[in-house]
Amino acid sequence: MVESFAYASMGLRLNVCAWGDPEAPPLILLHGVRDHARSWDRVAESFADRYRVLAPDLRGHGDSEWARGGFYPSEAYVFDLAELVATLRLKRFDVVGHSLGGNVGLRYAGLFPEHVRRIVAIEGLSHAPKLVAEQRATPVEERLRRWIERSREIARKPPRRYASLEEATARLAAEHPRLDPDFAAHLTRCGVRENGDGTLSFKFDPALRVFPPVELTAEDAARLWGLVAAPALLVYGAQSWASNPVADGRASHFRDARVVTLEGAGHWAHHDQREAFIREAQRFLAAP
């Protein structure tokens, strides 16, 4: 059974979902961009018999507050995770993160290696070297202007409204066609809120549709990966658009990393091939 509680970080009220015995070893689950903590429900249930599973709604997502001004640098998410760890006085724990969540978890593990025992990152290494090179080919002033224009455009538009849960589910299912219909409906039920006129909108801050124009450099990110002391399992979907970190060289920055590719899976590999993912994660996290 899922519970929830809140904590504060940088003046924001952030929601956390929890499963399992409060005295059991902690396992932190970190979702991806424009997702929410309840996306982990079926994964969390498979670990709740042996862990205290904690899944925060990242700032701007789910039932957590939106950042003032709609600015979401990756470092803010890392700070929020550090605040959660400090608030709960966690000493040592495992981490599973998807996409943005994997990125945040790995950066935290590099900064505070003494806290992370093992970490699973599902397509969580951010931009591939090829994309980084393409971005660097665009002058910084052009990238900043595009970000300003896009942010203004998003701010002028109210969040999209859906007449029914079925309509919202259809939109989510169209973006993630490998989801089974029941789980797509579950993700939608937990991911929308009702507006005053009875319509529904997804809970995430629309500002999340544009990424910050300046991030850690690829060299700085690689340095943090090299500081991760915990064994890392890097999971990729064989049919994903994401670049495999063995082929592009990013896995070589880790002290102890293994890459697993799941056939029949896209970017949401933990949903597309849930049973296979859970088997891999359980086997990896069970190791001493």
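This is a predicted model: local features need pLDDT of at least 70, side-chain atom pairs count only at pLDDT 80 or more; totals for chains, interfaces and linings use all residues.
Numbering runs from 1 along each chain as its sequence is written, and side-chain values use heavy atoms, without hydrogens and water.

I checked the span of α3 (residues 100-111): 17 Å from first C-alpha to last, close to the 16 Å expected at 1.5 Å a residue (1.5 Å times one less than the number of residues). Helices are DSSP runs of H or I, at least four residues; strands are E runs of at least two. The buried residues include Leu100, Val104 and Tyr108. Their cover includes β3, α2, β5, β6 and α8.

Next I took Arg52, in strand β4 (residues 52-56). Arg52 counts as buried because its relative accessibility is 12%. Its side chain makes a 3.4 Å polar contact with that of Glu3 (N or O atoms within 3.5 Å, one able to donate a hydrogen and the other to accept it). Arg52 also touches Trp19, Asp21 and Pro25, among others (heavy atoms within 4.5 Å).

Last, I read the cavity search. It finds one cavity of 30 Å³ or more (1 Å grid points where a 1.4 Å probe fits but cannot get out; lining residues have an atom within 4 Å of a point). I noted a volume of about 60 Å³ for the largest cavity. Val104 is one of its lining residues. Helix α2 gives the largest share of that lining, three residues.

Terms used
On a 1 Å grid over the protein atoms alone, a cavity is a set of points where a 1.4 Å probe fits but cannot get out, and a pocket is an open set with protein on both sides within 12 Å along at least five of seven lines; lining residues have an atom within 4 Å of a point. Grid points are joined across faces, edges and corners, and a volume is the space filled by probe spheres set on the points. Buried means under 20% relative accessible area, exposed over 50%, partly exposed in between (1.4 Å probe, protein chains only). Lists of a residue's contacts leave out its neighbours within four places in sequence.
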